[in-house]
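Please consult the sequence and the structure below while reading.

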Amino acid sequence: MATLLHLDASARSGLSGSQPHGSHSRRLSAHFVTQWQRVRPDDRVVYRDVGQQPPRPVSGDWIHAAFTKPEARDSWMHEVLAESDSLVDELLEADLIIAGVPMYNFGVPAGFKAYIDNIVRVGRTFGFDRSRPGLPYWPMLSAMGKRLVVLGARGDYGYEPGERMEHTNHVEPHLRTVFAYLGIEELHSIAVEYDEFADERLQQSLIQAEQRVEALVDRLAASLDVPRVVSAPVSG
């Protein structure tokens, strides 16, 4: 049995197509999980909404506590790190991370940035040793086979590699850098575009994105060891 960590970062609470002003990224992440459960119903799904309930931002006390060795921490330090510890535990347990992350002002939403700052933890997700030859830091999740799927939404269009707005896209490149630093180097991304135009191009982008999600689910599910469920043919 595999474990999915389903994250949503949109400030919008609903799903586009179902609720007025709903989120496209939530729609894609929900579609991914629904399709996954269709073919692998026994897998575990852990859900966390960092858009509606963002983690607390990193503070000076958090930094002090995180960079104090666990055996030397005072009780207040454990309290300050409790939420971060929970987020890290969820990440460590996950085989597949499904992240609905819309583009806000060319980067990730504030809630997801707070999430990143809470899971990049010395001694838990990356190692650091000043006396180590070469680079003093190293990823701690490299051998765990984790994969990241980023499902996004953009107001404009042309943010993919080689396109007109590629240089302004600080979502996927940022996430690729951060998660690779922890040892999660396999990243898949699908995004809806044309949101600000709200015309036929948006509708086509949504259809294409959902089709790509379905194809990605099939590829990733087939690559895992847990047997897939094959639906019986429909007659009539």
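The model is predicted: local features need pLDDT of at least 70, side-chain atom pairs count only at pLDDT 80 or more, and totals for chains, interfaces and linings use all residues. Residues are numbered from 1 along each chain as its sequence is written, and side-chain values use heavy atoms, with hydrogens and water left out.

**Overall fold**

The protein chain contains 7 helices and 7 strands, defined as DSSP runs numbered from the N terminus (helices: H or I, at least four residues; strands: E, at least two). Their order from the N terminus is β-α-β-α-α-α-β-α-β-β-β-α-β-α. The radius of gyration, taken over C-alpha atoms, is 19 Å, close to the 18 Å that the globule rule gives for 236 residues, so the chain is as compact as a globular protein of that length. That rule is 2.2 Å times the number of residues to the power 0.38. Of the 236 residues, 45% count as buried; buried means under 20% relative accessible area, exposed over 50%, and partly exposed in between (1.4 Å probe, protein chains only).

**Nonpolar cores**

A nonpolar core is a set of buried Ala, Val, Leu, Ile, Met, Phe, Trp, Tyr and Cys residues joined through side-chain atoms within 4.5 Å. The largest has 32 residues, and Phe112, Tyr115 and Leu175 have the most contacts inside it.

A second, separate core has 20 residues, including Val149, Ile190, Val192 and Val213. Setting aside residues up to four places away in sequence, Tyr115 touches Leu5, Leu7, Val50, Pro55, Leu87 and Leu91; contact means heavy atoms within 4.5 Å.

Glu90 lies in helix H4 and is buried, with a relative accessible area of 16%. Beyond its neighbours within four places in sequence, Glu90 is in contact with Leu5, Val46 and Arg48.

Arg12 is found in the loop between E1 and helix H1 (24-39) and counts as partly exposed, at 37% relative accessibility. Not counting residues up to four places away in sequence, Arg12 touches His21, Gly22, Ser23, Arg26, Gln52, Tyr104 and Asp195. Arg12 and Gln52 are 40 residues apart in sequence, with their C-alpha atoms 8.0 Å apart in space.
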